[in-house]
Amino acid sequence: MDAFYASVEQRDNPELRNKPLAVGGSRERGVVAAASYEARQFGVRSAMASSIALRKCPDLLFVKPRFDVYKAVSSQIKSIFAQYTDLIEPLSLDEAYLDVTDSLLSNTSATQIAQTIKEQIKRETQLTASAGVSYNKFLAKLASDHRKPDGLFVIKPHQGLAFVEGLRIEQFHGVGSVTAAKMNQLGIFTGLDLRQQTEAFLTRHFGKVGHHYFCIARAIDYRPVTANRVRKSVGSETTFAQDLIEESALAEALQPLIDSVWGHCERTGIRGRTVTLKVKYTDFAQITRSRTTLSLMTETTQFRQIALELLESIHPLQKGVRLLGVSLSNLQTGTTLESGQLTLDL
């Protein structure tokens, strides 16, 4: 979906249309959750601090997110997908992979299906979507970003290698700014540069993911579209209006995050083994601390105790904390339990 949250807000409020809009908090410590294309022209992006966004675009309008509305629209869109294929792998509220090899519509090409889905989404939701069509997930994702907004781009089998080699390395899905900078230091600036590296070289510098980089530089991606993916973690975080440094204040701030995560576990019946604490300091430096149990946690008291002990491990603090988060991973459904000793992973 194109600028999903912002587009929903502009759809529902005509006064916001054709204006630079950010979904998120406008306060000094707020963060942009989504930006309209009008705002993006000024350099406003999601995950940007609201104060920076306002400096880039003084006329920027802020609206509070309405996640219940976004989830309802997302469900509406997924029901459209289900009319064309059973193989749907959601990535988020506004994005999914669809495998249409054996589509529910016979004798219809993937490109025709993509165009039909786009038209149906526009007709039923008054929102635009961009689609990428190709023979694997990596290329389809790249294609979906290539002609936004309201785009449809196809990468055919004989075009894959040439398309990848011409990309800047930071355009590769899954290559973030830190990895891109490291690749640049190694003389890798484009897909062609990446393809010229051996798998041994990439593994030496990037670990296990080096094999993935070796493959995608050759337009190879064997990952299947997996319906009903198992969620890997559940978490909650908050950004403070003012930096916190006192242990008691941070412990108090952590409590509602713990309750939020465990509440989700109670509603869904999932349990986990790994607790991770996320801390972002006033200078935006970020650390995580994790602890893994030998068996699934079944009581909120155990989850709370581990989270608070991880918080204690970062004290005494030398600088203030602007963001705190906690998550639970190594998830399973069910409550099979034996209490076990803990292992510490820092």
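Colleague: Which share of the contacts in the protein between residues at least 6 apart in sequence joins residues at least 24 apart?

Modeller: Contact means heavy atoms within 4.5 Å. Among contacts between residues at least 6 apart in sequence, 60% join residues at least 24 apart. Keep in mind that this is a predicted model, where local features need pLDDT of at least 70, side-chain atom pairs count only at pLDDT 80 or more, and totals for chains, interfaces and linings use all residues. Residues are numbered from 1 along each chain as its sequence is written, and side-chain values use heavy atoms, with hydrogens and water left out.

Colleague: How many helices and strands does the protein have?

Modeller: Helices (H or I, at least four residues) and strands (E, at least two) are DSSP runs, numbered from the N terminus. The protein has 13 helices and 14 strands.

Colleague: Thanks! How do I read a pair of helices, and at what angle do the axes of H1 and H4 cross?

Modeller: Two packed helices are described by the angle between their axes and the distance between the axes. Axes are lines fitted to C-alpha atoms, for helices over the stretch in contact, and angles run from 0 to 180 degrees between N-to-C directions. Here the axes of H1 (residues 4–12) and H4 (residues 67–81) come within 10 Å and cross at roughly 100 degrees. That makes H1 roughly perpendicular to H4 (under 35 degrees is roughly parallel, over 145 roughly antiparallel, 65 to 115 roughly perpendicular, the rest oblique). The residues making the contact include Phe4, Tyr5 and Val8 of H1 and Phe67, Val69 and Tyr70 of H4.

Colleague: Is Tyr97 buried or exposed?

Modeller: Buried means under 20% relative accessible area, exposed over 50%, and partly exposed in between (1.4 Å probe, protein chains only). Tyr97, found in strand S5 (residues 95–98), is buried, with a relative accessible area of 9%. Leaving aside neighbours within four places in sequence, Tyr97 is in contact with several residues, among them Leu87, Lys137, His173 and Arg223.

Colleague: And where is Ser236?

Modeller: Ser236 sits in strand S8 (residues 233–244). Ser236 is buried too, with a relative accessible area of 18%. Not counting residues up to four places away in sequence, Ser236 touches Leu257, Ser260, Val261, Leu324, Gly325 and Val326.

Colleague: Which residues of helix H11 are buried?

Modeller: In H11 (residues 209–216) they are Gly210, Tyr213, Cys215 and Ile216. These buried residues pack against helices H6 (137–146), H7 (160–165), H8 (177–185), H9 (191–195) and H10 (199–206). Over the protein, buried residues make up 41% of the 346 residues.
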